[in-house]
Amino acid sequence: MTHACTRLRRGAVLVTAVGMLMGPAAAGAALAVPLPATGTATAAVTAADPPSPSASGNDVRELTPAVQRQLDTAVQHVMREASIPGVTVGLWTPDKGEYVKSFGVADKSNGRKMSTDLYMRIGSETKTFTVTALLQLVDQGQAGLDDTIDRYVGGVPNGDKITLRELAGMRSGLFNYTADEGFFKALTSDPQQHFTPQQLLDYAFKHPVLFPPGKKFSYCNTNLILLGLVVEKLSGQRIEDFIHDHVLQPAGMDHSLFPTGTEFPSPHAQGYTNQTASGKIEDTAHWNPSWAWSAGAMISTLDDLRIWARTVATGTLPDGDPLISPATQKQRLITPPTTIPGAGYGLGIFNVQGWIGHNGSLPGYESLTIYLPSAQATLVVLLNTDISFKGSEPSTVLGDAITKIVSPDHVFNLPAEPAAR
């Protein structure tokens with residue numbers, strides 16, 4: 001998804017949905033053919049619809065040895081063309097098999113191999129967790145999606161008009177702080193510095209609003225910083241604690257975290273970016289993701305994201321209990337069209353040709369976690385670079401190549417955008 005939110009210069013939602021660090025042109029997501037106002041899969045994924053053992057139908061191909069060899073070839077071709085150091089791919093179906101492999105290196109300095117157990121930064125996929133936290137508080141009656149943000153956070157331009165729903169749906173009209181040149185210079189001059197949420201908002205609020213709320217789709221990391229503050233105000237907890245206690249722990253995601261500084265559990269992959277002050281490629285594993293906060297700071301693993309893909313797309317925990325109520329999940333999955341053909345965006349979630357989920361991108365890392373309800377298929381892609389290839393996010397190029405093989409009627413072709421930019 002082109003809007004990964006953590007990319008610094010390229011964009012966030014349309015290209016990477018996974019990225020975070022974008023500058024004037026960065027931020028990240030992915031996309032494809034115009035969707036109806038509710039998105040093709042909206043009605044199909046609710047907590048009231050339990051999985052069918054034979055749901056794969058013809059929407060995904062059987063992962064035979066021949067198909068797996070095709071996938072090997074496609075992934076390795078993209079890696080060569082895009083100079084991607086390391087990639088891990090996980091594809092799971094209920095009745096057509098699975099494909100779980102790592103390629104390349106996790107650390108270019110010593111040749112350490114990429115492996116399926118590594119911790120990775122997931123950029124804008126963090127947005128799915130932040131919005132889930134908000135929706136849980138809505139279910140508790142502590143807030144309404146149509147409340148205006150000025151009820152919870154002061155000083156927001158148009159704050160008496162912008163609703164929580166518009167923030168979560170990327171239709172607020174606020175300026176994206178990661179597109180501010182001053183922010184980009186501050187971050188790249190000292191990547192280990194700590195940013196507060198208010199500092200991030202200050203970069204955004206010195207710019208005029210782009211359009212009246214609700215009038216357009218515009219992927220914006222500022223929206224998620226505000227929603228993070230709302231979660232903290234309503235819950236009385238730090239957002240990292242609320243997400244751990246109410247989202248990660250109930251889902252059994254024991255290897256996911258919202259870091260408060262530069263911590264990065266081992267084993268992890270090193271990450272490589274050219275979103276640097278010099279423009280040269282640098283290793284970013286030690287960078288402080290506080291600049292992305294509730295829009296893109298989280299860390300996870302392949303196995304945990306496998307759990308999350310279905311959980312966030314259905315609103316149902318692995319044990320069958322609701323993560324959020326079916327009625328609220330239904331609202332989440334109303335995915336009006338975006339500026340990207342074939343891609344709709346709901347409340348912190350994409351629908352790209354039937355695949356539901358998000359992508360992420362921040363300097364050095366990209367990810368893609370999506371679920372195809374019609375086939376109950378899950379796809380997770382993790383890589384240790386965000387350096388674009390011919391103007392596209394590498395995660396999007398991989399998602400496109402993989403889904404062309406396994407789900408040709410549902411090709412994930414959402415462009416990703418950097419978060420820091």
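Author: One definition first: Ala, Val, Leu, Ile, Met, Phe, Trp, Tyr, Cys and Pro count as nonpolar, Asp, Glu, Lys and Arg as charged, and the others, Gly among them, as polar. With that, the lining of the second largest cavity has 4 nonpolar, 3 polar and no charged residues. Keep in mind that this is a predicted model.

Reader: Which residues line the second largest cavity?

Author: Thr88, Met114, Ser115, Thr116, Leu118, Met120 and Leu382. The volume of this second largest cavity is about 40 Å³.

Reader: How many cavities of 30 Å³ or more are there?

Author: The structure has 2 of them. The largest cavity comes to about 50 Å³. Its lining is made up of Arg121, Thr284, Trp287, Asn288, Pro289, Trp291, Leu362 and Pro363, which divide into 5 nonpolar, 2 polar and 1 charged.

Reader: Arg121 again, then. Which ring does Arg121 lie over?

Author: Arg121 lies over the face of Phe264, 4.2 Å from the ring centre. Lys108 lies over the face of Tyr272, at 4.4 Å from the ring centre.

Reader: And ring on ring: how many aromatic pairs?

Author: The whole structure has 9 aromatic pairs.

Reader: Which cluster do the ring pairs make?

Author: Ring pairs link Tyr177 and Phe183 with Phe195, Tyr203 and Trp291. Trp291 is also among the residues lining the largest cavity.

Reader: What about Tyr345 and Phe350, buried or exposed?

Author: Both are buried. Tyr345 is also in the lining of the second largest pocket, along with residues including Arg165, Glu166, Arg171 and Gln331. That pocket has a volume of about 180 Å³, and its lining residues divide into 4 nonpolar, 4 polar and 3 charged.

Reader: Last topic. What pLDDT does the protein average?

Author: The average is 88, and 85% of the residues score at least 70. Over residues 1–6 the pLDDT is below 50, although this stretch has 122 contacts in the model beyond near neighbours in sequence. Residues 9–54 also stay under 50, with 366 contacts beyond four places in sequence.

Reader: So what do I do with those contacts?

Author: Where pLDDT is low, the predicted coordinates should not be read in detail.

Conventions. Residues are numbered from 1 along each chain as its sequence is written. This is a predicted model: local features need pLDDT of at least 70, side-chain atom pairs count only at pLDDT 80 or more; totals for chains, interfaces and linings use all residues. Side-chain values use heavy atoms; hydrogens and water are left out. pLDDT is the predictor's confidence in each residue, from 0 to 100. Contact means heavy atoms within 4.5 Å. Rings of Phe, Tyr and Trp (its six-membered ring) pair if their centres lie within 6.5 Å; planes under 30 degrees apart count as stacked, over 60 as edge-to-face and the rest as tilted. Buried means under 20% relative accessible area, exposed over 50%, partly exposed in between (1.4 Å probe, protein chains only). A charge sits over a ring if NZ of Lys or CZ of Arg is within 6 Å of the ring centre and within 35 degrees of the ring normal. On a 1 Å grid over the protein atoms alone, a cavity is a set of points where a 1.4 Å probe fits but cannot get out, and a pocket is an open set with protein on both sides within 12 Å along at least five of seven lines; lining residues have an atom within 4 Å of a point. Grid points are joined across faces, edges and corners, and a volume is the space filled by probe spheres set on the points.
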